[in-house]
Amino acid sequence: MLKVLICDDSAFMRKIYSDTIEKDPDLEVAATAYNGQDALRKLKKIDVDLLMLDVEMPKLNGLETLEIVKDKYPKIPVIMVSALDNRETVIKALELGAFDFIPKPSGSISLNIDSIKEELLLKLKAAADSNDTFKAKKVKKRVIKNSSSFPIVAVGASSGGPRALNTLFEDIAENSSAAFVIVQHMPAGFTETLAERLNNISGLKIKEAEEGDTLKPGHGLLAPGDFHLEIDAQGRVKLNKKDRRHGVRPCVDYMMQSLAEHFDGDRLLGVILTGMGHDGAEGMSAIVNKGGYGIIESKETALVYGMPSSAVKAGAYHEIKRIDEIGKRITEIVEG
């Protein structure tokens, strides 16, 4: 039984979350807290496996509380709860080490809580599993083939992804000869903020993708929340709202499979970073089977090893690397 501490300044929301969690046989509410100070007091007294943390609270808000929790209780995964207008704060929380976040219900609470109930339970359980060990097989390194056309790097991530993407793109030089396409599982609105932050720390020009955008060396395109992103034979972005795949939209598999369909394998490099679920394994398989190259984040640094593990089990990779090594390795490969 996984014990959850719920921290929210609204008594009504504490009750809503508690009722949802208590209906799951694998979860129980260990305690509730009305602000960050109260949560820290209770963490001293009781053992918990998971912490749900509201962003906006009096006296000690969610971000301030998160920093203290990550320092004093680094093994307790934290799920942030945020209204959709707190995008910068949510991205900052993910960079500080929050496992993931869920949007805070608004308007008609009963309708909204039903819409996020499954997501809440799924993320709580994935967070609890995030410390499980996984041994990856060792493989020989090889370098991607030279190509007369610019390389295309396809990156997929989910839970823990914003922090991992920061680390990766900090190591990509502004004169990179590769074009980057990125899918991060994230709701609409948040991807624009994430793209801006990646643009500020990277040598690349990174933006949220729009219909008709074209792949260019030294540029990165991030799939917008709630849209699948595919690339056509001319290297142009095609956005759509096809059914969710693996329960997500945008989906890494759609993006990678479209690249494998339209481009020579020696131009393609697929990368799977931290994330829960199985998205990306089929896409990486398509890239590798086409003759492309595959890199997967190691269990050592991945916050969640679901997506990387699935790609490993599919044999869709050539190297497994720590996140702090992947950016440099991409540069070595694409620059020859």
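Is Ala 188 buried, partly exposed or exposed? At 45% relative accessibility, Ala 188 counts as partly exposed. Here buried means under 20% relative accessible area, exposed means over 50%, and partly exposed lies in between (1.4 Å probe, protein chains only). The structure is a predicted model, in which local features need pLDDT of at least 70, side-chain atom pairs count only at pLDDT 80 or more, and totals for chains, interfaces and linings use all residues. Residues are numbered from 1 along each chain as its sequence is written, and side-chain values use heavy atoms, with hydrogens and water left out.

Ala 188 sits in the loop between strand 7 and helix 7. Helices (H or I, at least four residues) and strands (E, at least two) are DSSP runs, numbered from the N terminus. Not counting residues up to four places away in sequence, Ala 188 touches Gly 225 and Asp 226. Contact means heavy atoms within 4.5 Å. Ala 188 and Arg 249 are 61 residues apart along the chain, and their C-alpha atoms are separated by 9.6 Å.

The chain is divided into domain 1 (2-129) and domain 2 (152-335). These bounds come from an automatic or database domain assignment. The C-alpha centres of the two domains lie 28 Å apart. Their contact takes 19 residues from domain 1 and 16 residues from domain 2. The size of an interface is often given as the accessible area lost when the parts come together. Between domain 1 and domain 2, the buried area is about 1600 Å², and carbon and sulfur atoms give 67% of it. Buried area is the accessible area (1.4 Å probe) that two parts lose on being put together, summed over both. Arg 87, Ile 91 and Glu 95 supply 37% of the area that domain 1 buries against domain 2, more than any other three residues.

Two strands pair if DSSP finds at least two bridges between them. Strand 1 (residues 2-7) and strand 3 (residues 50-54) run parallel and are joined by four bridges. Ile 6 stands opposite Met 52 in strand 3.

Another open sheet has seven strands in the order 8-9-7-6-12-13-14, and its pairing is parallel. Its edges are strand 8 (205-208) and strand 14 (319-321), each with a single partner strand, so one side of each lacks a neighbour in the sheet. Here the twist averages 20 degrees from one strand to the next. Five bridges join strand 6 (residues 152-157) to strand 12 (residues 268-272). Ala 154 stands opposite Gly 270 in strand 12. Helix 7 (residues 190-201) lies across strand 7 (179-184), strand 8 and strand 9 (219-222). Helix 7 runs at about 175 degrees to strand 8. Axes are lines fitted to C-alpha atoms, for helices over the stretch in contact, and angles run from 0 to 180 degrees between N-to-C directions.

Strand 10 and strand 11 (residues 237-240) pair in the antiparallel sense over four bridges. Leu 229 has Leu 239 in strand 11 as its bridge partner. The hairpin has five residues between the strands, and Gly 235 takes a positive phi near 80 degrees.

The largest nonpolar core holds 55 residues, of which Phe 169, Val 271, Leu 273 and Ile 330 touch the most other members. A nonpolar core is a set of buried Ala, Val, Leu, Ile, Met, Phe, Trp, Tyr and Cys residues joined through side-chain atoms within 4.5 Å. Helix 11 (residues 323-334) gives the most to this core, with five residues. Domain 1 and domain 2 both give residues to the core, so it lies between them. A second, separate core of 31 residues includes Ile 231, Val 237, Leu 268 and Ile 287.

Eight of the 11 residues of helix 8 (residues 252-262) are buried, so the helix is largely enclosed by the rest of the structure. Its buried residues include Tyr 254, Met 256 and Leu 259. Helix 10 is also largely enclosed, because six of its eight residues are buried. Among them are Met 307, Pro 308 and Val 312. Just after helix 10, Gly 315 takes a positive phi of about 70 degrees.
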